[in-house]
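I opened the model to look up two things.

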Amino acid sequence: MPGKDMTTNPVVVTIENPSVEIDFSNFNTNTNTNSSFFPDKQKASSPKQFTWVLVIKAYRALYYLALGMKATFLSAKKRILLSEVSQEEEEEARTRGKLYRFIRAFLAISMVALVIEIVAHYKKWNLGLIHNPWEIMGLVQWSYMAWLSFRVDYAAPTLIMLSNLCIVLFMVQSIDRVVQCIGCFWIKCKGLKPELVGGEEEEASDVEDGSRFPMVLVQIPMCNEGEVYDQSIGAACELDWPRDRFLVQVLDDSDDENIQNLIRNEVWSWKQKGVNIIYRHRFLRTGYKAGNLKSAMACDYVKDYEFVTIFDADFQPSPDFLKRTVPHFKGNPELGLVQARWIFVNKDENLLTRLQNINLCFHFEVEQQVNGMFLNFFGFNGTAGVWRIKALEDSGGWLERTTVEDMDIAVRAHLNGWKFIFLNDVRALCELPESYMAYKKQQHRWHSGPMQLFRLCLPDILDSKISMGKKFNLIFLFFLLRKLVLPFYSFTLFCVILPLTMFIPEAELPLWVVCYVPIFMSFLNILPSPKSFPFLIPYLLFENTMSVTKFNAMVSGLFQLGSSYEWVVTKKTGRASESDLVALGERESMNSGQEKLTRRLSESGLEMLRKEKEEGVPVAKKKNMIYRKELALACLLLTAAGRSLLSAHGMHFYFLLFQGLAFLAVGLDLIGEQIN
């Protein structure tokens with residue numbers, strides 16, 4: 001009816017079984033209803049509505065992204081203002097490290113190039129469109145055109161040659177990694193493991209007769225280990241071995257008198273309980289850990305012992321450690337070393353410890369187990385291993401010539417014909433470094449030392465009487481491929497060549513090099529620790545981030561620079577408390593069917609803790625660090641990501657963006673232990 005709201009008009013509905021008839025004749029065609037009875041209207045309005053929904057969601061996403069970027073910027077700004085430059089960075093600033101200067105120069109050139117590329121992009125400068133040199137207007141355009149000519153004729157071919165070399169090295173190293181994984185898979189499928197000579201029955205008879213237990217020397221080298229000394233000493237003293245058949249040597253290199261007194265009191269308390277234990281302190285602390293062990297082996301009473309086992313200050317072996325390792329030496333006179341695996345009490349403490357756990361699980365589960373099973377050789381891990389003392393003596397004993405004394409003695413023993421066994425099912429509890437600074441120092445030593453050793457051992461390897469296959473394994477696989485090539489191509493390919501290819505698109509890296517193969521290799525690395533699969537991408541980015549530290553350390557050790565001889569004791573937190581050990585021991589016992597692991601905290605440690613709480617001893621305030629190399633590389637990669645965005649490189653852009661953000665997080669010390 002006219003003058004009334006048409007939406008109130010009646011609808012005539014006639015129901016006739018079994019159908020329904022609806023009369024729409026009185027409906028206004030301008031109604032806003034969304035009923036499905038208007039198929040034509042719905043088709044006309046849905047795209048428009050959908051577009052508005054997308055626009056609203058896009059604005060909302062941009063809003064939250066802006067808030068997130070603002071919060072990140074403020075957090076980074078606060079971190080820089082409140083952070084300290086690490087001691088390593090201060091020394092580097094004084095000595096003007098060549099790598100840092102190279103990265104800064106590279107960054108400056110890249111930023112200038114990015115500005116020019118943006119101008120060229122919007123002004124549509126193109127070398128192919130210039131037919132007459134007089135058409136070039138201005139110095140900037142002339143410089144850009146000159147750069148394009150130089151890029152095509154000289155820069156691109158050189159970069160292509162370098163990138164091809166790195167790709168070949170990358171693929172060779174990847175093939176080696178795949179072969180090792182296949183070997184590990186074969187071991188798992190066949191159930192292969194080192195077996196005792198004579199079987200379990202002979203081992204049991206030995207256990208019943210205490211007089212037949214060999215004499216074992218247990219060494220605990222430490223230096224200012226105030227957080228963990230009680231745990232390692234307690235674990236060593238609780239080893240299930242006849243008291244008169246083993247001696248614990250606490251080799252204290254501490255220069256802090258308070259820590260010396262605490263360790264001395266701890267040793268005395270165990271001695272009062274009947275444990276055969278000795279405290280040794282050197283006044284001349286030369287040679288670091290190697291010098292400490294060498295001094296201890298020079299004692300007259302060592303000649304009465306047949307085997308020596310070494311535990312670093314943060315290691316707590318299970319009580320049956322010796323009973324599960326030493327019997328492998330019986331009836332096997334060529335066996336020089338039995339190495340056990342490490343497990344970590346703080347592997348879930350933060351992102352840094354989770355990523356370290358991935359690396360070390362692969363190292364033990366794949367590298368050590370495969371090399372031990374098929375080659376009878378691997379690098380000694382420096383702790384949680386049992387040596388035949390005769391093998392140490394025949395190989396020249398501990399030498400102070402490198403910072404990797406464990407690898408040094410392993411190589412020399414291998415050259416003298418001694419065999420090694422790795423026991424994947426025998427595990428010792430320890431800690432992972434929780435701060436990036438501690439981890440960086442550790443990795444520097446672990447990657448500079450092998451290059452020092454390679455220079456020193458190469459003549460001995462070539463002159464040795466071992467087979468050509470073993471020489472090939474030592475020189476090419478053990479040293480060159482896994483210790484030199486890996487850090488070289490990781491840094492060069494992903495931190496130098498890839499950013500360069502954004503400015504030299506003629507040398508663009510294929511997508512399988514940038515994305516597919518690295519993800520597949522990271523997937524293989526995570527297989528031994530399946531619970532870490534959610535950290536696949538962070539692990540890949542972090543490994544590339546650590547390449548700058550490893551590359552710097554590798555070059556330092558290869559050319560014997562000053563920092564290659566630096567030894568910094570890895571900081572411990574004492575995370576392996578009594579509750580941690582008992583809980584972990586119960587889990588391990590359920591898995592292996594062994595007795596539950598029990599531990600105690602030392603009375604002296606508890607007493608010291610109680611006194612500190614009662615007296616309210618102020619804790620020294622610490623600040624997070626900033627790392628200049630990582631920050632400079634973050635800016636470089638983000639600059640290259642900006643250039644990649646101009647040319648719509650797709651996956652290259654995302655890789656550079658996230659890799660740059662990973663470098664930024666590490667450079668601002670946002671990974672690992674956080675200090676308020």
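**Entry 1: Gln-249**

I started with Gln-249 and found it in strand β5, which covers residues 246-252. The model is predicted, so I am working from computed values.

Is Gln-249 buried or exposed? Its relative accessibility is 0%, and the cut-off for buried is under 20%. Gln-249 is therefore buried.

Next I looked up polar partners for its side chain. The side chain of Gln-219 makes a polar contact with that of Gln-249 at 2.9 Å. The side chain of Tyr-301 makes another with Gln-249, at 2.7 Å.

I then listed what Gln-249 touches, leaving out residues up to four places away in sequence. Gln-219 and Tyr-301 are both on that list. Leu-217, Val-218, Ile-220, Ile-278, Arg-280, Ala-296 and Cys-299 are on it too.

**Entry 2: α16 and α20**

I moved on to helix α16 (residues 536-558) and helix α20 (residues 651-667). At what angle do they pack? I noted about 60 degrees, with the axes 9 Å apart. That angle makes α16 oblique to α20. The crossing of α16 past α20 is right-handed.

Which residues meet here? From α16 I wrote down Leu-541, Phe-542, Asn-544, Thr-545 and Val-548. Facing them in contact from α20 are Phe-655, Phe-658, Gln-659, Ala-662, Phe-663 and Val-666. I sorted the α16 contact with α20 by class: eight residues are nonpolar, three are polar and none is charged.

Terms used: Residues numbered from 1 in each chain as written. Predicted model: local features only at pLDDT ≥ 70, side-chain atom pairs only at ≥ 80, totals over all residues. Heavy atoms only, no water. Helix = DSSP H or I, 4+ residues; strand = E, 2+ residues; numbered from the N terminus. Buried < 20%, exposed > 50% of the residue type's maximum accessible area, 1.4 Å probe, protein only. Polar contact = N/O pair within 3.5 Å; in protein donor to acceptor, adjacent residues only side chain to side chain. Contact = heavy atoms within 4.5 Å. Axes fitted to C-alpha atoms, helices over the stretch in contact; angles between N-to-C directions. Parallel < 35°, antiparallel > 145°, perpendicular 65-115°, else oblique. Left-handed = near helix turned anticlockwise from the far one by under 90°. Nonpolar A, V, L, I, M, F, W, Y, C, P; charged D, E, K, R; others polar.
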